[in-house]
Amino acid sequence: MTASLRHWLPRYLDHLARERRLSPHTTAAYGRDLAEFLAFLDEQGLAEAGSVDAATVRSYAARRHRSGLGGPSIQRRLSAVRGLFAYLMREGVVEANPGRGVAAPRVARRLPAVLDVDGAAAVVGGGEPDELGRRDRAMWELMYGSGLRLAELTGLDLGALDLPEALVTVTGKGNKRRVVPVGRHAVAALEDWLEVRGGLARADVAAVFVSRRGGRLSRRAVQQRLARRAAAVGQGPVHPHMLRHSFASHLLESSGDLRAVQELLGHSNISTTQIYTHLDFQHLARVYDAAHPRARKRSSS
């Protein structure tokens with residue numbers, strides 16, 4: 001069995017696409033990162049999988065760091081290397097994963113931008129009364145009310161909606177499905193949109209949200225429509241994921257139930273969800289600073 005990494009890379013990418021069911025965009029990103037790693041190995045005269053050790057991977061990470069690459073980007077590349085070698089271990093090509101234990105430089109985790117409750121209400125409520133305006137309001141209400149990702153929204157088919165039970169079945173990352181409740185405002189907006197959807201959608205299109213031409217609405221179109229809507233209500237730059245972040249932050253602020261928020265967001269690891277506890281703490285800190293007598297600055301006498 002050949003141990004050439006260039007021989008195994010296309011097989012690994014096929015594995016990601018067919019078995020892991022990653023999106024074409026994600027698979028292509030893995031391919032670019034690993035092609036860069038293989039180019040580094042070529043410089044070192046290392047073509048065989050078994051010749052790569054932890055020191056090699058650390059040297060690669062250090063090279064990328066010296067070139068000015070940030071911590072998150074290096075982490076992503078190391079994740080790609082670990083994934084490749086985990087696959088090679090499964091196939092019996094190597095006995096150990098040289099990427100395991102190699103870490104990128106520590107970086108401060110940036111908190112996601114969120115809308116306040118009034119700002120979110122301004123963005124998702126109202127809109128034009130025509131077909132596209134009714135479609136857009138249904139999208140914003142569903143994204144903010146149920147915490148959907150952009151890809152989950154555009155990938156939604158009619159069969160996933162159960163409006164009488166106020167539920168939607170969402171296909172998330174890794175083709176994992178979860179059932180999420182739909183709020184009453186979103187249910188009403190979806191019912192309003194579905195009344196006119198048939199006038200736009202082609203007969204062979206199952207997508208909930210369709211374009212003016214009747215096909216499945218693209219992610220780019222959703223981004224553009226949301227930016228236009230936010231500007232119209234004076235909210236500045238708003239992107240689809242900001243509605244998801246706002247959903248999580250507002251829900252955690254009200255309930256304090258981190259596990260429930262994790263389930264609703266479809267996070268496989270609660271550490272991903274815990275970032276919203278920092279957002280909640282920031283909110284509490286602002287309230288404290290504004291209201292507590294020990295926090296308020298004394299007026300000068």
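**Reading ring pairs**

A: Start with the count: there are four aromatic pairs. Keep in mind that this is a predicted model.

Q: Where in the chain do Trp8 and Tyr87 sit?
A: Trp8 belongs to helix α1 (residues 5-18), Tyr87 to helix α4 (residues 71-90). They are 79 residues apart, so this pair links distant parts of the chain.

Q: Are Trp8 and Tyr87 buried or exposed?
A: Both are buried.

Q: Why is the pair of Phe40 and Tyr60 called tilted?
A: Look at the angle. The planes stand at 55°, so the pair counts as tilted; the centres are 5.4 Å apart. An angle over 60 degrees would be edge-to-face. Phe40 lies in helix α2 (residues 24-44) and Tyr60 in helix α3 (residues 54-66), 20 residues apart. Both Phe40 and Tyr60 are buried.

Q: Which residues do ring pairs link into a cluster?
A: Trp8, Tyr12 and Tyr87.

Q: What lies over the face of Trp8?
A: Arg11 does, at 5.0 Å from the ring centre.

Q: How many helices and strands does the protein have?
A: It has 13 helices and three strands. Of its 301 residues, 43% are buried.

How values were computed:
Residues are numbered from 1 along each chain as its sequence is written. This is a predicted model: local features need pLDDT of at least 70, side-chain atom pairs count only at pLDDT 80 or more; totals for chains, interfaces and linings use all residues. Side-chain values use heavy atoms; hydrogens and water are left out. Helices (H or I, at least four residues) and strands (E, at least two) are DSSP runs, numbered from the N terminus. Buried means under 20% relative accessible area, exposed over 50%, partly exposed in between (1.4 Å probe, protein chains only). Rings of Phe, Tyr and Trp (its six-membered ring) pair if their centres lie within 6.5 Å; planes under 30 degrees apart count as stacked, over 60 as edge-to-face and the rest as tilted. A charge sits over a ring if NZ of Lys or CZ of Arg is within 6 Å of the ring centre and within 35 degrees of the ring normal.
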